[in-house]
Amino acid sequence: DPDRLVQVLLARADIALRMNDGETARYLLNQVVSTRDTANLSANTTVNVYHLAGLLAHFENRYDDALAELDKAINLIESQAEPDDRMLAMIYVAQTLVHGERNDNERLLESAGKALRLLEKTESEFSSKLVEPLRLSARAHVLLGDLSAARASLEKAESIALGNYGEVHRQMADVHHTYGLLEYYSKDLPLAVEHVEAERRIIRELYGPEHPRLEGLIGNLALLYTDIGESEKASEMFQLGLQLLDPDAPEDRHSLYSTYNNQARLLRGTGDYEEAIELHKKSLAISRDLYGADSIEAADIEEYIALELYRLGRHAESREWFVRCVDKYRVRYGEDSEDYKNKLLYFWRYDVLDGDLVAARDKLHEIMMEDIENDETDAIWPVHLFTDLAHINLQLNDLPRALQALEWAKTGAATAPRHPWALYTTLVEAEIRLTTGEHELARTYAEKALGGLQERFPMHTAQMQRAQAVLDALNQSQ
């Protein structure tokens with residue numbers, strides 16, 4: 001029976017795809033196509049052929065082909081007198097997966113919604129078939145900014161997956177992955193770390209310590225630990241990540257470029273500027289090979305190097321590196337572009353060196369206005385710049401503006417109190433409180449900043465000297 005033969009071939013091909021064996025699935029599907037040429041297949045079997053062809057195209061990253069095949073299956077089912085709702089639901093789930101790969105979140109939610117409405121008719125409310133459309137809907141909601149809708153979908157997906165499989169299962173790993181994304185966008189970085197670590201444990205237990213998915217997880221954890229100020233854990237993750245990469249393998253070059261950049265960011269935060277520069281120079285060499293010597297990627301690394309040289313007090317070299325960066329922006333985008341004009345604002349550091357604190361303050365304030373207007377002060381990322389703004393206003397004896405910038409900085413610092421930037425904010429608060437005559441508060445903040453830096457970030461010698469200067473001034477005034 002040719003129809004039964006095709007069904008068996010499709011079942012075998014489906015199993016091959018579930019085992020990530022695309023080559024066998026392709027071989028079996030070719031047999032199906034050959035058989036179909038001479039067979040009068042039933043409508044349901046033809047739907048299955050289109051469905052599997054769509055799944056295979058998705059596996060092979062041929063997303064346009066995948067959607068075309070799945071549309072054929074949908075059209076054929078819907079043309080029948082009594083459509084198979086269960087099969088139609090699974091095709092919509094497959095369509096949802098493809099839209100997820102393309103980051104087409106609006107269409108993903110549309111397909112997932114259709115799948116879920118059908119599954120609610122055909123399946124138990126505890127069916128494992130609900131997990132993927134719910135989880136992918138949550139991811140789409142996160143990326144579209146609707147975090148409450150994302151959490152509702154994800155909590156339901158987690159409950160169903162846990163009830164069907166227990167904690168150690170691929171779908172639970174996927175749920176933790178999506179929770180990590182949700183908590184990151186919710187700016188709860190410690191909770192994001194917990195979920196990514198849970199995902200990592202599950203993948204290791206299921207597939208072993210060399211599974212390809214672990215490379216991305218380790219990289220994400222390195223950045224998350226960096227952003228919550230857990231420098232030792234971040235360094236450990238970076239070292240694990242580098243062990244998975246081969247400097248001589250072309251396919252690892254992009255990952256090395258990113259890893260060197262991100263590790264340098266960690267070192268810059270801890271005050272190890274010399275080592276950060278060395279890592280940035282390694283990533284710069286790779287970026288020139290990957291993107292070209294005049295690329296924006298190369299320009300951005302030159303800006304990081306300029307910042308690290310600035311912090312080392314090598315100001316002339318710093319200015320040279322930054323001018324190279326800005327010139328690449330001018331050539332790429334043009335002198336009238338917003339990209340170029342925005343990059344020019346970062347000359348504020350050199351205005352400080354030139355003694356023009358008003359120009360520095362105005363440029364830095366303009367940079368930070370986007371975070372202020374978008375209500376993005378409750379994150380660690382802009383904290384050091386808000387703190388710089390507070391310090392410049394303090395030097396200008398503009399206490400109202402200094403206090404306002406300090407409040408913005410403190411809002412972000414509260415999200416990651418162990419981060420070195422949070423301690424920098426504490427230091428500048430001590431300096432402000434000293435100026436306003438609030439000596440008790442000034443001492444409290446100076447001691448907290450000095451103790452934290454000495455314990456966790458001893459390479460920040462300039463900041464420690466400033467904290468000690470506050471304490472010395474307070475002692476002299478007694």
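Predicted model: local features only at pLDDT ≥ 70, side-chain atom pairs only at ≥ 80, totals over all residues.
Residues are numbered from 1 along each chain as its sequence is written, and side-chain values use heavy atoms, without hydrogens and water. Local features need pLDDT of at least 70 and side-chain atom pairs count only at pLDDT 80 or more, while totals for chains, interfaces and linings use all residues.

View 1. A pocket is an open set of points on a 1 Å grid over the protein atoms alone, where a 1.4 Å probe fits, with protein on both sides within 12 Å along at least five of seven lines; lining residues have an atom within 4 Å of a point. Points are joined across faces, edges and corners, and the volume is the space filled by probe spheres set on them. The lining has 40 residues, and those closest to the pocket centre are Arg18, His58, Leu97, Glu132 and Arg170. Two or more lining residues come from each of α1 (2-18), α3 (43-59), α5 (85-101), α7 (131-144), α9 (170-185) and α10 (189-207). Helices are DSSP runs (H or I, at least four residues), numbered from the N terminus. Helix α5 gives the largest share, seven residues. By class, 16 lining residues are nonpolar, 14 polar and ten charged. Nonpolar covers Ala, Val, Leu, Ile, Met, Phe, Trp, Tyr, Cys and Pro; charged covers Asp, Glu, Lys and Arg; the others, Gly among them, are polar.

**View 2. The second largest pocket.** The volume here is about 840 Å³. Of its 23 lining residues, Tyr346, Ile367, Trp381, His384 and Leu385 are the closest to the centre. At least two lining residues are supplied by each of α13 (253-270), α15 (296-311), α17 (338-344), α19 (357-373) and α20 (383-395). The lining divides into ten nonpolar, three polar and ten charged residues.

**View 3. Val326 in helix α16.** Helix α16 spans residues 315-333. Val326 counts as buried (under 20% relative accessible area, with a 1.4 Å probe and protein chains only) because its value is 5%. Beyond neighbours within four places in sequence, Val326 is in contact with Tyr340, Lys343, Leu344 and Phe347; contact means heavy atoms within 4.5 Å.

**View 4. His51 in helix α3.** His51 is buried, at 13% relative accessible area. Setting aside neighbours within four places in sequence, His51 is in contact with Leu70, Ala73, Met87, Met90, Ile91 and Ala94.

Notes: Buried < 20%, exposed > 50% of the residue type's maximum accessible area, 1.4 Å probe, protein only.
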